[in-house]
Amino acid sequence: MFDRHSGGENAVLVHIELPDSHNKEDKDEFVDLVVSAGLSIKAMVGGSRQSPHARYFIGTGKADEIKQIVEDQKADVVLFNHRLSPAQERNIERLVCCRVIDRTGLILDIFAQRAKTHEGKLQVELAQLRHLSTRLVRGWTHLERQKGGIGLRGPGETQLETDRRLLGDRIKNIRKRLDKVEKQREQSRRARKRGNIQTVALVGYTNAGKSTLFNQLTEAKVYAADQLFATLDPTHRQVEITPGQRVILSDTVGFIRHLPHDLVAAFKATLQESRQADLLLHVIDASDIRREDNIDQVYQVLESIGAGDVPVIEVYNKIDQIKQVNPKIESETVEISLVSSSNDHSNDVTHRVWCSAKTGKGLGLVLQTITQQLEIDWLDLKLRILPQDLSIRSELYDLHVITQEAILENGDVELDIRIDAADWRRLNRQTNKRLEKCCSGEIPNFSLADD
């Protein structure tokens with residue numbers, strides 16, 4: 001479809017240090033991404049700049065250096081640990097005469113390798129097409145003319161315009177199919193609500209050990225490996241946390257710094273699992289030297305997808321790789337402040353559990369903490385709904401949280417509800433705190449009253 005240089009496994013890596021934190025990337029993580037993609041690293045080109053070069057992102061001298069290295073190493077692809085513009089990719093490809101892929105394209109390629117389910121493949125294809133739609137022009141520079149010949153003469157659509165139209169049609173088709181999947185997921189979530197089954201979602205930075213923990217807690221056989229983005233397709237299993245009390249545990253895709261916007265949009269249905277969960281288990285690689293930075297990145301992603309109100313238990317995993325650290329629970333209320341966020345709220349972490357999913361040490365403490373958190377998260381409240389606020393009543397019925405209802409003589413509706421804190425805070429925020437004003441009882445401290 002595109003007239004580009006053929007790909008291969010021999011790669012030259014390019015990492016530039018920039019003072020701007022928005023463009024700053026981690027070199028070690030970049031190497032892990034390349035290895036996860038199955039490429040062979042032939043050379044690493046480094047350097048520093050105050051700002052990206054308009055034509056090549058790197059300077060002209062550094063671009064010539066890369067060209068020479070590509071020729072000497074017989075490299076098939078040049079990978080940048082940065083997001084390149086379509087023009088920058090095109091310019092560098094013309095210079096080095098091989099494929100050039102930026103950080104976003106690399107992550108998309110890894111996702112394409114990992115996707116196994118029909119939904120996962122659709123999501124990856126949508127992200128790839130959205131990314132590719134801005135890069136069509138370089139593929140058809142030799143065909144930017146009107147079609148001619150028998151049967152092809154007509155209104156004058158160029159090959160590029162035809163391809164853009166076909167690409168747009170395919171994107172629309174995939175979106176429709178993913179919308180259908182999202183509706184099916186919503187029906188499943190409502191069924192769990194009706195059955196009073198709570199959902200706990202595993203979230204965290206990629207390769208933090210979420211799938212290993214999921215397998216240990218559920219005795220499932222989800223693919224787990226020491227590589228980035230080993231899990232793409234969400235998996236759900238019931239697990240008994242105490243005798244007679246079961247929850248749905250969800251294993252989700254890992255996060256990464258500067259997660260491409262195309263991926264966030266494509267994986268909307270999957271990320272919805274985190275937003276709609278009753279509780280989040282934030283799995284953290286306790287042995288990673290970048291631990292604190294990775295934690296901040298996860299909370300920023302949670303905030304961006306609307307999961308900032310969901311209660312969090314931090315699970316510090318891989319303590320088997322740290323000397324003199326034993327399984328333990330740290331209980332305290334810590335407000336996670338997101339400086340980069342424009343919102344006025346944040347996740348509240350009330351527990352930290354230290355464990356090893358690989359050896360199984362501390363898993364009992366994880367289940368114990370989940371049980372405690374879910375028990376204190378239920379709110380029994382009495383509401384008085386005014387006639388002009390009856391839309392709130394409909395949303396409460398959708399959540400299946402109304403236990404008793406009475407219509408008063410003046411038209412007000414009095415409701416007794418049993419709702420978990422995450423749904424209460426989410427709905428209260430969506431209604432601009434009108435729900436809170438309807439409450440005639442005392443509201444717990446972790447509501448949005450003091451936001």
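H15 is buried, with a relative accessible area of 4%; buried here means under 20% relative accessible area, exposed over 50%, and partly exposed in between, computed with a 1.4 Å probe on protein chains only. The model is predicted, so local features need pLDDT of at least 70 and side-chain atom pairs count only at pLDDT 80 or more, while totals for chains, interfaces and linings use all residues. Residues are numbered from 1 along each chain as its sequence is written, and side-chain values use heavy atoms, with hydrogens and water left out.

H15 belongs to strand 1 (residues 10–17). Helices (H or I, at least four residues) and strands (E, at least two) are DSSP runs, numbered from the N terminus. The side chain of H15 makes a polar contact with that of E17, at 3.0 Å. Such a contact is a pair of N or O atoms within 3.5 Å; within protein, one must be able to donate a hydrogen and the other to accept it, and residues adjacent in sequence count only if both atoms are side-chain atoms. Apart from neighbours within four places in sequence, H15 is in contact (heavy atoms within 4.5 Å) with residues including E25, K27, M44 and H82.

| Residue | State | Relative accessible area |
|---|---|---|
| H15 | buried | 4% |
| C98 | buried | 3% |
| C355 | buried | 0% |

A disulfide is counted when a pair of cysteine sulfur atoms lies within 2.5 Å, and by this rule the count is zero. The sulfur of C98 is 7.9 Å from the closest cysteine sulfur, which belongs to C97, and this is too far for a bond.

Helix 1 (residues 27–36) has E29, F30, L33, V34 and S36 buried. These residues lie on the same side of helix 1 because they cover an arc of only 160 degrees around the axis, the arc being that of the directions from the helix axis to the C-beta atoms. Their cover includes strand 1, strand 2 (40–48), strand 3 (77–80) and helix 4 (103–114). Just after helix 1, G38 takes a positive phi of about 85 degrees.

A nonpolar core is a set of buried Ala, Val, Leu, Ile, Met, Phe, Trp, Tyr and Cys residues joined through side-chain atoms within 4.5 Å. The largest has 39 residues, and those touching the most other members are V34, L79, L106, F255, L280, L302 and I305. Helix 10 gives the most to this core, with five residues. Not counting residues up to four places away in sequence, L79 touches, among others, V12, F30, V34 and L106.
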